[in-house]
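User: I am new to reading protein models and would like to understand where the terms come from. Could we go through them together, one term after another?

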Amino acid sequence: RCTVTPDGASQYEWLWSVRGGPKELSAALTAAPRNASFLVLPASLLPPAAYTFQVSVCSLAQPALCGRASFPTTVSTVTHVEGQTVRTDPTRTTILGSSALTSDFQCTVPTTAAVSYLWTCLSNPNFTMPSVVSLSTLTFPPYLLTAGLTFRFRQNAFSPAAVLAAEVDFTVIVSYVAVTATISGGDRRASIYVPLTLDASASEDPNSPTAELSFLWSVCAVLNETCVPTAATGSFTRLSNASSSGVVVLDGSTANPLPPGTFRFTVLVTSLATRRNASAFVVIQMVDAAIPAVQITWVHSAGQTSYSPDSTLSMTSAVTGVTGTLSYRWTAVQLSGNGSGVAIALENSTVAPLLDSQPSLIINPNIITGTITVTLVVTASTGLGSASLTIPFSGLPRGGSLEVRLVSTNVTVITSGASLALSAPNWVDPSGSSLSYAFSRLDSLLGTYIPLGPSSASPVAYTTAPVLTLPAGSAANVTFQVVVRSSSGGSASALATVAVFA
């Protein structure tokens, strides 16, 4: 566009030209209408390059009276990438950055070329961005992002020297993550003559993993399906005050037994960093007998809060308070949406390899399809003890796919050694957990998948098509795979097959 400062004449003509570029571009400018103060050029006339456009504006009344201007511009190849979806908490410092811009794009940019960055908010142009938006990463301090909202941010990277540009879009979902209150051991029977340990030390604040937690216990007696508050005195005195320790031991012995009956012990866990809290409870039947004290432990990875159907479900047990021969009996009930339960056939070795009568329990993958409650009854010569534990079901990542495309927009056929972009869009986890992506390629000779890099939070990866030894012009199918894993433990995969020409 050309702006003219009038000299009093009523009409002008515009003569356009360009230094650089294809001859078709020069021809289009020469043929432009003389009264065109601005031009719209098709992209087909502007291959990536540096141009200097020139315009001469002359007065029709005084043809010798002309003004001239030139302006350089750069047309770049833009690579668009759909970046990762980030789930965050408003109390956290959140950092966005793209591995896509440090792989294919920056591998193409000469090491001596400067790369400029600019971040913008696509979802809300009036959003107050952080003070620095010209770095390769964008940092949001706590509370700049509002809980309950979803944001879309775009990272633009540009290298004038290399005539290249790239843009990556990020989706940021902002929500508070609940404090997790957990009491180990589950519901159980216990003897009044042995110490009773209440352990909530596995509780955490996911929003602030290093935050100090406060634990406040309470107890009530279960009578005819009603819970009657019980004073935290006598044997329960240690439950009276909040503590920074999640473990409370109630002393029970032959000389000073704990009170018999069925009690519900509740803990209120408060994060001192975020001031949010959560509660959990266990029901323990205190029995006037020397019975086994049973505790069940779910064997899982750190940070895992729910069970995924494609993994093995493993339980171990610990029994104290008795000696001699013990017998074990496991049962498991899968809960349905209406609250009813379906028993799991643990006596079937294809379901539970160790069956139902060992100190440990293993349930094979793809057996469980919902939240499950397991119960272990241990029998000793003096009586029996039991414990129960409910494990939430997470489901699997779903809704996504795997796509393979050429990085270069100048070719349409995938050939040996061509640069490829793999993307895994639209994957979500039913529990809202974060996802990681692992890309691989099938080795047709070995029949195994070769990793293309470590698992990461980015749903995009870059690789090259394998070099094929084939007759010229012939092609072979190449299969790629992505395995999508959620932080809650679930995983799913997708395949994509493309033809690669020799």
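**Reading the terms against their cut-offs**

Analyst: Let us begin with a turn: strand 26 and strand 27 form a hairpin with 4 residues between them, and G447 in that turn has a positive phi of about 75 degrees. Strands here are DSSP runs of E with at least two residues, and helices are runs of H or I with at least four residues, both numbered from the N terminus. This is a predicted model, in which local features need pLDDT of at least 70 and side-chain atom pairs count only at pLDDT 80 or more, while totals for chains, interfaces and linings use all residues. Residues are numbered from 1 along each chain as its sequence is written, and side-chain values use heavy atoms, with hydrogens and water left out.

User: Which residue stands out in the turn of the hairpin formed by strand 12 and strand 13?

Analyst: That residue is N224, which has a positive phi of about 50 degrees, in a hairpin with 2 residues between the strands. Strand 12 and strand 13 (residues 226-229) pair in the antiparallel sense over 4 bridges, and L223 has T226 as its bridge partner in strand 13. Strand 12 also runs antiparallel to strand 15, to which 9 bridges join it; there W217 has V267 as its bridge partner.

User: Why is the pair of F127 and F153 called edge-to-face?

Analyst: Rings of Phe, Tyr and Trp (its six-membered ring) pair if their centres lie within 6.5 Å, and planes under 30 degrees apart count as stacked, over 60 as edge-to-face and the rest as tilted. By this rule the count comes to 12 aromatic pairs. The rings of F127 and F153 have centres 5.7 Å apart and planes at 65 degrees, so this pair is edge-to-face. The pair links distant parts of the chain, since F127 is in the loop between strand 6 (116-121) and strand 7 (137-140) while F153 is in strand 8 (residues 150-159), 26 residues apart.

User: Are F127 and F153 buried or exposed?

Analyst: Both F127 and F153 are buried, where buried means under 20% relative accessible area, exposed means over 50%, and partly exposed lies in between (1.4 Å probe, protein chains only). F153 has a relative accessible area of 0%, so F153 is buried, and F151, with 4%, is buried as well. F151 and F153 form a stacked aromatic pair, with 5.8 Å from centre to centre and 20 degrees between the planes. F127, F140, F151 and F153 form one aromatic cluster.

User: How do you know that the charged end of R264 sits over the ring of F281?

Analyst: A charge sits over a ring if NZ of Lys or CZ of Arg is within 6 Å of the ring centre and within 35 degrees of the ring normal. The charged end of R264 is 5.0 Å from the centre of the ring of F281 and is placed over that ring.

User: What makes up the largest nonpolar core, and which residues have the most contacts inside it?

Analyst: A nonpolar core is a set of buried Ala, Val, Leu, Ile, Met, Phe, Trp, Tyr and Cys residues joined through side-chain atoms within 4.5 Å. The largest nonpolar core has 27 residues, and L196, W217, L239, L250 and F265 are those with the most contacts inside it. Strand 11 (196-199), strand 12 (213-223), strand 14 (247-250), strand 15 (261-271) and strand 16 (277-287) each supply at least two residues of this core.

User: Why do strand 24 and strand 28 count as edges of their sheet?

Analyst: This open sheet has 3 strands in the order 24-25-28, with antiparallel pairing. Strand 24 (403-406) and strand 28 (460-464) each have a single partner strand, so one side of each is left without a neighbour in the sheet. Strand 24 and strand 25 (residues 419-423) pair over 4 bridges, and R405 stands opposite A421 in strand 25.

Methods: Two strands pair if DSSP finds at least two bridges between them.
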